[in-house]
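Trainee: I'd like to learn how to read a structure like this one. Could you walk me through a few features?

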Amino acid sequence: MKIVHWLDDHLEELCLTLLLIGISAIMVTQVIARYVFNYSLSWSDELARYCLVWSAFLSVSFCVKKRISIKIDQVQNALPERAVPWLKMIRHTIVFLFCILMIPYAWTYVQQSVSSGASSPALQIPMVFIQCAPLVGFILLAIRVAQAWFREFRASRKIMAETIADALKAEPLEEMKEEERLEELRRKQREDGEGS
């Protein structure tokens with residue numbers, strides 16, 4: 001269970017760190033080979049590019065997990081504090097649904113890669129390993145967005161419940177006031193009718 005918890009906390013960080021170290025090492029090796037030994041590596045750019053593709057898809061779920069994704073919060077800042085949790089929940093729901101929508105397309109992309117049997121030009125790596133990045137990225141993003149949704153729900157369920165309760169109370173309260181006003185009018189009409 002500790003391993004699962006550790007992976008939940010550090011999976012993206014570990015993968016992104018290894019990919020960044022790999023990209024850096026590959027590019028330094030290429031520079032040294034080209035300028036010191038006057039020899040160009042045919043595979044370095046390709047491998048660095050594939051590492052970059054993987055890091056791009058993994059970094060999205062990492063940003064959601066760490067709450068460091070770029071967002072425009074002008075609408076959020078303009079809303080009353082009680083509406084902010086609702087906006088966050090809606091935003092998480094939209095992103096989650098987008099991920100769920102994209103996973104089948106990413107899976108189709110992987111299946112097409114498997115059936116084509118294509119491999120990379122320089123390293124002869126099966127392209128399925130590279131083209132799995134969107135599938136893995138969208139699955140991880142869906143998991144992280146679901147976690148963020150539940151985290152937001154737990155953190156703000158009291159405010160959300162109060163908002164719902166206030167909304168439910170608003171209509172009966174208005175109806176009661178209207179009934180009291182009508183009763184007051186009827187009473188005045190009766191008094192006016194008795195006084196005539």
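This is a predicted model: local features need pLDDT of at least 70, side-chain atom pairs count only at pLDDT 80 or more; totals for chains, interfaces and linings use all residues.

Trainee: Okay, and how do I read a pair of aromatic rings?

Mentor: You describe such a pair by the distance of the centres and the angle of the planes. Here the count comes to four aromatic pairs. One of them is F57 with F138, an edge-to-face pair at 6.3 Å centre to centre, with 65° between the planes.

Trainee: Which parts of the chain does the pair of F57 and F138 tie together?

Mentor: F57 sits in helix α2 (residues 44-66) and F138 in helix α6 (residues 133-195), so this pair links parts that are 81 residues apart in sequence. As for cover, F57 is partly exposed at 28% relative accessibility, while F138 is buried, with a relative accessible area of 14%.

Trainee: And how are the rings of F98 and F138 arranged?

Mentor: Their centres are 6.0 Å apart and their planes meet at 75°, so that pair is edge-to-face. F98 belongs to helix α4 (residues 84-116) and F138 to helix α6, so the parts tied together here are 40 residues apart in sequence.

Trainee: Now a polar residue. Which side chain does Q131 join through a polar contact?

Mentor: The side chain of Y109, with a polar contact of 3.3 Å. Q131 is found in helix α5 (residues 127-131). Q131 is buried too, since its relative accessible area is 17%, and buried means under 20%.

Trainee: What else is Q131 in contact with, leaving aside its neighbours within four places in sequence?

Mentor: Besides Y109, you'll find V110 and S113 in contact with Q131.

Trainee: Last one: which residues make the nonpolar surface patch?

Mentor: For a patch, look for residues with over 30% relative accessible area. Here V28, V31, I32, Y35, V36, F37 and Y39 make a nonpolar patch of about 790 Å². Take V31 as an example: this residue is in helix α1 (residues 2-35), and it counts as partly exposed because its relative accessibility is 45%.

Conventions: Residues are numbered from 1 along each chain as its sequence is written. Side-chain values use heavy atoms; hydrogens and water are left out. Patches are made of residues with over 30% relative accessible area and no salt bridge: like charges are joined within 9 Å, nonpolar side chains (Val, Leu, Ile, Met, Phe, Trp, Tyr) within 5 Å. Accessible areas come from the Shrake-Rupley method with a 1.4 Å probe; for residues, only the protein chains shown count as cover. A salt bridge is a side-chain nitrogen of Lys or Arg within 4 Å of a carboxyl oxygen of Asp or Glu. Helices (H or I, at least four residues) and strands (E, at least two) are DSSP runs, numbered from the N terminus. Buried means under 20% relative accessible area, exposed over 50%, partly exposed in between (1.4 Å probe, protein chains only). A polar contact is a pair of N or O atoms within 3.5 Å; within protein, one must be able to donate a hydrogen and the other to accept it, and residues adjacent in sequence count only if both atoms are side-chain atoms. Contact means heavy atoms within 4.5 Å. Rings of Phe, Tyr and Trp (its six-membered ring) pair if their centres lie within 6.5 Å; planes under 30 degrees apart count as stacked, over 60 as edge-to-face and the rest as tilted.
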